[in-house]
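Subject: Structure handover

Hello,

Here is the structure I said I would pass on. My notes on it follow below.

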Amino acid sequence: MNAKWTFILILAMSSTQLSCANLSAKSKYNTNLPKPRVVVLTDIAPGDVEPDDMESMVRLLAHADQYEIEGLIVSGGWNSSGRAIPVAWIEILKSVINAYEKDLPNLMKRSDQTGFSPLNKESGQQTIGYWPSADYLRSRTAMGSLKLGFGELGDNNNTAGSDLIIQLADEDDDRPLWITVWGGANTLAQAIWKIKKERTPEQLRAFLNKIHVYTITDQDVPWGERHTNYSFSSHQWMRQEFEKDLQFIWDESAWLSQNGIGARNWKEYQTHIQHHGNLGSIYPRFKYGVEGDTPAFLHVMPNGLNNPTEPKQVGWGGYFGWGVGMDKKTSCWTNHEGDTQAISQKYEAYFYQAAFNNFAARMDWAKDGKGNRNPIVIVNEKKGYDALRLTPQTGKNIKIDASGSFDPDGNQLTFKWWYLPEAGTFPGHIDLMNSNTDRVQIAIPSDAAGKTIHIICEVTDNGTHHLTSYRRIIIEPK
């Protein structure tokens with residue numbers, strides 16, 4: 001081989017090593033799958049004011065290999081109690097990124113990642129398993145709207161945060177752009193206001209269709225006016241004006257469960273989260289509740305459990321039904337009352353431990369550069385996280401095979417197949433035989449034609465923290 005081709009080969013090999021984990025390690029995982037796109041609107045505050053946004057930010061960055069974190073935008077919310085959010089509070093966000101940077105050498109060992117892509121390539125499509133550089137996260141950090149309320153929308157409310165949202169939604173990318181709202185969504189509303197002013201109705205509709213919103217309650221009102229002055233909020237304006245084109249999830253259940261269950265189990269956070277790595281060293285003690293904003297990104301977690309664009313599927317971030325919100329005026333996906341709230345609370349409690357274990361295992365990696373990794377669920381020889389769809393005949397028994405599933409650390413696996421009736425349209429009972437083995441047999445009812453039946457394959461390892469992965473099977477009998 002001449003010198004020219006030797007140089008080209010070495011250059012190509014170096015580029016591959018820089019951009020991703022090595023091939024022998026990547027072959028263990030669900031590889032080359034794009035991350036979900038996530039923007040965070042946070043009213044992050046000092047620990048003596050309200051520490052829960054900082055707690056959730058630590059948790060998010062401990063899972064940064066699972067999300068394409070496209071924007072970290074500091075904006076107003078309840079933490080500023082109706083006043084303009086202090087610009088200096090962005091330094092708290094930066095301190096979490098600094099801690100993440102120190103832990104990166106350990107976290108990257110989880111996927112055997114040996115380097116980073118150049119910053120311009122990191123700004124392109126990332127795949128699951130890739131840990132972004134701290135410089136990339138810093139480049140995606142911005143200030144948003146400082147004040148609250150619909151009345152602030154206008155030319156004087158444009159910010160680096162609202163401009164970033166417009167830039168991201170305009171990108172040539174088919175993936176949904178998830179705006180996860182930990183404070184108020186005034187920054188998003190300003191972006192929409194500007195697009196409505198400057199573009200045609202068709203262009204506005206295309207912009208809105210790219211965006212999916214998950215709000216933790218409605219924090220675009222002052223704390224003292226919560227649940228009483230929804231007309232003040234730009235959230236209500238977005239739901240009212242763009243109901244048909246903007247998917248809007250308004251959570252009033254999962255954040256309360258996370259706060260309450262977390263507080264009752266605070267010793268687990270002291271033991272497994274605090275003082276684990278540099279991220280753990282800045283994880284603050286709770287004040288009112290623990291990580292109330294975390295469900296916003298748990299809903300989008302690529303773990304095989306749910307498609308986040310289908311709010312009724314049930315995931316780590318709760319369950320939602322279409323209906324009138326707590327403002328008693330606008331409609332959206334919500335869970336604030338009745339059967340929908342009861343269903344959401346049931347699954348929030350059920351999934352809490354699995355979600356916490358996921359966090360705890362990752363903080364082991366941050367601290368020690370080693371730890372447990374999630375099982376890889378393979379159903380009917382198909383890898384990935386998308387639901388598997390089957391169309392059997394009614395009145396027949398079908399077999400579903402997850403025996404190809406494995407644990408990357410060699411841990412033993414247990415299997416649990418279960419029926420999730422709230423996600424489908426078939427109202428009756430489903431018989432699952434051998435539901436605690438790697439192969440399940442299901443009796444398809446004779447009256448199930450034209451209906452949907454949702455089955456969950458839940459796989460848990462016996463390693464430290466007992467990590468769980470999932471695969472959803474959607475059965476549509478003929």
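Ile 216 has Asp 251 of β6 as its bridge partner. Strands β5 (residues 211-216) and β6 (residues 247-251) pair in the parallel sense, over five bridges; two strands count as paired if DSSP finds at least two bridges between them. Helices (H or I, at least four residues) and strands (E, at least two) are DSSP runs, numbered from the N terminus.

The model is predicted: local features need pLDDT of at least 70, side-chain atom pairs count only at pLDDT 80 or more, and totals for chains, interfaces and linings use all residues. Residues are numbered from 1 along each chain as its sequence is written, and side-chain values use heavy atoms, with hydrogens and water left out.

The sheet is open and has eight strands in the order β3-β2-β1-β4-β5-β6-β8-β7, with mixed pairing. Its edges are β3 (141-143) and β7 (321-324); each has a single partner strand, so one side of each is left without a neighbour in the sheet. From one strand to the next, the twist averages 25°.

Helix α4 (residues 90-107) lies across β2 (68-74) and β3, and runs at about 175° to β3. Angles run from 0 to 180 degrees between N-to-C directions, and axes are lines fitted to C-alpha atoms, for helices over the stretch in contact. Helix α7 (residues 160-170) also packs on the sheet, where it touches β1 (37-42), β2, β3, β4 (177-181) and β5. The direction of α7 makes about 160° with that of β2.

Thr 159 sits in the loop between β3 and α7. Its relative accessible area is 16%, so Thr 159 is buried (under 20%; exposed is over 50%, partly exposed in between, with a 1.4 Å probe and protein chains only). Leaving aside residues up to four places away in sequence, Thr 159 touches Met 143, Gly 144, Ser 145 and Thr 187 (contact means heavy atoms within 4.5 Å).

Helices α8 (residues 186-198) and α10 (residues 234-241) pack at an angle of about 45°, their axes 9 Å apart. That makes α8 oblique to α10 (angles under 35 degrees count as roughly parallel, over 145 as roughly antiparallel, 65 to 115 as roughly perpendicular and the rest as oblique). On the α8 side the contact is made by Asn 186, Leu 188, Ala 189, Ile 192 and Trp 193, and on the α10 side by Ser 234, Trp 237 and Met 238.

Six of the eight residues of α10 are buried, among them His 235 and Arg 239. These buried residues pack against β4, α8, β5, β6 and β8 (331-334).

Regards
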